[in-house]
Amino acid sequence: QVQLVESGGGLVQPGGSLRLSCAASTNIFSFYAMGWYRQAPGKQRELVAVIAPGISTNYADSVKGRFTISRDNAKNTVYLQMNSLKPEDTAVYYCNKNPPWVSWGQGTQVTVSS
């Protein structure tokens, strides 16, 4: 089975930065596009960034210019560098393939507040 484990979340002030990691149990990134998703309380889960096997990337308009998705195939890890964080970025962040599998991991909480 493929397991995906998110980490790197925490509390940060507006304007701050965080780097999220998504570690996979096996090498899958050569075969699937991978995405970062987030879900805020009372809101639907949304896709915020995606990286394809060919390294091409796409971002939601709300994070474009502030977030960067990348991967390291040798480490079986996908990253999300988040800069200039805003309170509206507060959410639980998840990684999954794009389109996602039916199962989701625990996610990692990001809270942006003064």
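# Rings, core and disulfide of a predicted model

Lys-97 lies over the face of Trp-101, at 5.7 Å from the ring centre, where a charge counts as sitting over a ring if NZ of Lys or CZ of Arg is within 6 Å of the ring centre and within 35 degrees of the ring normal. This is a predicted model, in which local features need pLDDT of at least 70 and side-chain atom pairs count only at pLDDT 80 or more, while totals for chains, interfaces and linings use all residues. Residues are numbered from 1 along each chain as its sequence is written, and side-chain values use heavy atoms, with hydrogens and water left out.

**Aromatic pairs and charges over rings**

- Rings of Phe, Tyr and Trp (its six-membered ring) pair if their centres lie within 6.5 Å, with planes under 30 degrees apart counted as stacked, over 60 as edge-to-face and the rest as tilted; by this rule there are three aromatic pairs.
- Tyr-32 and Trp-101 make an edge-to-face pair, with 5.5 Å from centre to centre and 70 degrees between the planes.
- Because Tyr-32 lies in the loop between strand 3 (18-24) and strand 4 (34-39), and Trp-101 in the loop between strand 9 (91-97) and strand 10 (108-112), this pair ties together parts that are 69 residues apart in sequence; strands here are DSSP runs (E, at least two residues), numbered from the N terminus.
- Tyr-32 counts as partly exposed at 35% relative accessibility, and Trp-101 counts as partly exposed at 30%, where buried means under 20% relative accessible area, exposed means over 50%, and partly exposed lies in between (1.4 Å probe, protein chains only).
- The rings of Tyr-37 and Trp-104 have their centres 5.0 Å apart and their planes at 90 degrees, so this pair is edge-to-face.
- Since Tyr-37 lies in strand 4 and Trp-104 in the loop between strand 9 and strand 10, the pair ties together parts that are 67 residues apart in sequence.
- Tyr-37 is buried, with a relative accessible area of 6%, whereas Trp-104 is partly exposed, with a relative accessible area of 26%.
- Trp-104 also belongs to a cluster in which ring pairs link Tyr-37, Tyr-94 and Trp-104, and Arg-45 lies over the face of Trp-104, at 3.7 Å from the ring centre.

**Nonpolar core**

- A nonpolar core is a set of buried Ala, Val, Leu, Ile, Met, Phe, Trp, Tyr and Cys residues joined through side-chain atoms within 4.5 Å; the largest one has 27 residues, of which Trp-36, Val-78, Leu-80, Met-82 and Tyr-93 touch the most other members.
- Two or more residues of this core come from each of strand 3, strand 4, strand 5 (46-51), strand 7 (67-72), strand 8 (77-82), strand 9 and strand 10, and strand 3 gives the most, with four residues.
- Once its neighbours within four places in sequence are left aside, Met-82 is in contact (heavy atoms within 4.5 Å) with residues including Leu-18, Leu-20, Phe-67, Tyr-93 and Val-110.

**Pairing around strand 8**

- Five of the six residues of strand 8 are buried, so this strand is largely enclosed by the rest of the structure.
- Two strands pair if DSSP finds at least two bridges between them; strand 3 and strand 8 run antiparallel and are joined by six bridges, with Ser-21 standing opposite Tyr-79 in strand 8.
- Strand 7 likewise pairs with strand 8 in the antiparallel sense over six bridges, and the bridge partner of Arg-71 in strand 8 is Val-78.
- Four residues lie between strand 7 and strand 8 in the hairpin that they form, and Asn-76 in the turn has a positive phi of about 50 degrees.

- A search of the whole structure finds one disulfide, a disulfide being a pair of cysteine sulfur atoms within 2.5 Å.
- This disulfide joins Cys-22 to Cys-95, with an S to S distance of 1.9 Å, and the link is right-handed, with 65 degrees about the S-S bond.
- Cys-22 in strand 3 and Cys-95 in strand 9 are 73 residues apart, and the pair thus links distant parts of the chain.
- Cys-22 is buried, with a relative accessible area of 0%, and Cys-95 is buried, with a relative accessible area of 3%.
- Seven of the seven residues of strand 9 are buried, so this strand is largely enclosed by the rest of the structure.
- Strand 9 pairs with strand 4 in the antiparallel sense over six bridges, and in strand 9 the bridge partner of Gly-35 is Asn-96.
- Strand 9 also pairs with strand 10 in the antiparallel sense, over three bridges, with Val-92 standing opposite Gln-109 in strand 10.
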